[in-house]
Amino acid sequence: VGLGGERERAGCGTEGGGARSVGRMSLSADADTDELHEKLAELQRENQLLEMENNLLSLCSERVAAQASEHEDADKNTRKASRKGGKKEKLPMELTLMQKYEVANAEGDQAKAQMEECKNVSEKLIDDLRALLEEADIKLSEMSKDSYEFKRDVSNSAPGKPISEKVLHYLEDKLRTKDSVVDKLTLKNAALKQQILKLENQLQHKEEMGEVLHVIDFDQLKIENQQYLEKIEERNNELLKLKLTTGNIVQTLNASKKRLNRLMMESETLKRMIVEKQALTKKVCEEIDSIEVEKVKVKKANAALHKQIEESGMPEVLEYVTQKAAAHQLTKDLNNYERKVEISEMELKRRRVQLRSAGGMTGASSNRSPSGY
């Protein structure tokens, strides 16, 4: 029993030692793997840097080769002389830090020059596009103005003349306007040519006298030119705004003129209606006065007849019949005159009502006219 226990303890000790040795090997393997990963990452970074340097060097070599293409023959002669010397010079496999600095500085200057050139080209293109856009805006405003003037002068004008004469008159006016503009621009172009010639003569005189312009003078002229261009752009914008405002004012003025003409026509119509109603009212009043006079006469005749009948005694039969017929006729005439008087009074009332309504309409239109104008 004792020997068996010792053997079991010895076996357990051997197994524990093997496990510890395996653990140490795995830890060393992990450490080696991490170190290899770090070295691999460092090599990759170095490879990237070397690749960037190679690209930069290739660009520089291509540029230098293009610049030195005209000296290729001299280089070939130099190479032949060096080959005759016997020994070949061993080219360096790696550039020094100063050489790398010079290559990077040269490429940086080249990149700055390219950027400056691209910037100048893009600014010139932007200026050209801005000028084209301004020209398009001016042409668009002129086209809208021409369209409005054509509609105003040809389409919406009074229908007295035929459309062909209106169009011909409109085109003649436009041609006269264009001719005046062309004359103005010709005079301006001639003045500018004279000014350019004068400046060229001054520049030539300065060059002959030795007063050559320096870089700072050109910079100052560029600054002044930019300031003048900005002022010209501001003036053009103000002119465009004024043109738009003038167009709106002309449209409002035309609308006001149309409204004024319509109100004037309505006023003339109302005046004619008032004159007609006044004439009709005067005529009706005269008829009423004449009827009143006839009524008074008939009443007097009727009263005289009644008085004669009362004063006279018993008339004879023939006289009675005659008087009765005359009285009947007079009664009939009286009824007719009274009917006429009633009709005239009704007509007078109706005319007075119409005159009041016409007077109310005239007052309302006169109250609306100042605000409408």
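The side chains of R350 and E347 meet in a salt bridge, with 2.5 Å from N to O. A salt bridge here is a side-chain nitrogen of Lys or Arg within 4 Å of a carboxyl oxygen of Asp or Glu. R350 and E347 both belong to helix α6, residues 317-372. They sit 3 residues apart, about one turn of the helix. Salt bridges with shared partners link E347, R350 and R351 into one network. R350 is partly exposed at 39% relative accessibility. E347 is also partly exposed, at 23%. Relative accessible area under 20% counts as buried, over 50% as exposed, and anything in between as partly exposed (1.4 Å probe, protein chains only). Helices (H or I, at least four residues) and strands (E, at least two) are DSSP runs, numbered from the N terminus.

The model is predicted: local features need pLDDT of at least 70, side-chain atom pairs count only at pLDDT 80 or more, and totals for chains, interfaces and linings use all residues. Residues are numbered from 1 along each chain as its sequence is written, and side-chain values use heavy atoms, with hydrogens and water left out.

The structure holds 10 salt bridges. Among them is the pair R176 and D173, at 2.1 Å from N to O. Both residues lie in helix α4, residues 163-209. R176 has 48% relative accessibility and counts as partly exposed. D173, at 26%, is partly exposed too.

Another pair is K139 and E135, whose side chains meet at 3.4 Å from N to O. These two residues are about one helical turn apart because they are 4 residues apart in helix α3, residues 97-155. K139 counts as partly exposed at 46% relative accessibility. E135 is partly exposed, with 38%.

Helix α3 also contains L129. L125, L129 and L132 form a nonpolar patch on the surface. Together they have about 300 Å² of accessible area. Such areas come from the Shrake-Rupley method with a 1.4 Å probe; for residues, only the protein chains shown count as cover. Patches are made of residues with over 30% relative accessible area and no salt bridge, with like charges joined within 9 Å and nonpolar side chains (Val, Leu, Ile, Met, Phe, Trp, Tyr) within 5 Å. L129 itself is partly exposed, with a relative accessible area of 48%.

The largest pocket has a volume of about 720 Å³. Of its 21 lining residues, S141, E142, K145, D146 and K243 are the closest to its centre. A pocket is an open set of points on a 1 Å grid over the protein atoms alone, where a 1.4 Å probe fits, with protein on both sides within 12 Å along at least five of seven lines; lining residues have an atom within 4 Å of a point. Grid points are joined across faces, edges and corners, and the volume is the space filled by probe spheres set on the points. Helices α3, α4 and α5 (215-311) each supply at least two residues of the lining. Helix α3 gives the most, with 8 residues.

A search of the whole structure finds 0 disulfides. A disulfide is a pair of cysteine sulfur atoms within 2.5 Å. C118 counts as exposed, at 53% relative accessibility. C285 counts as partly exposed, at 29%.
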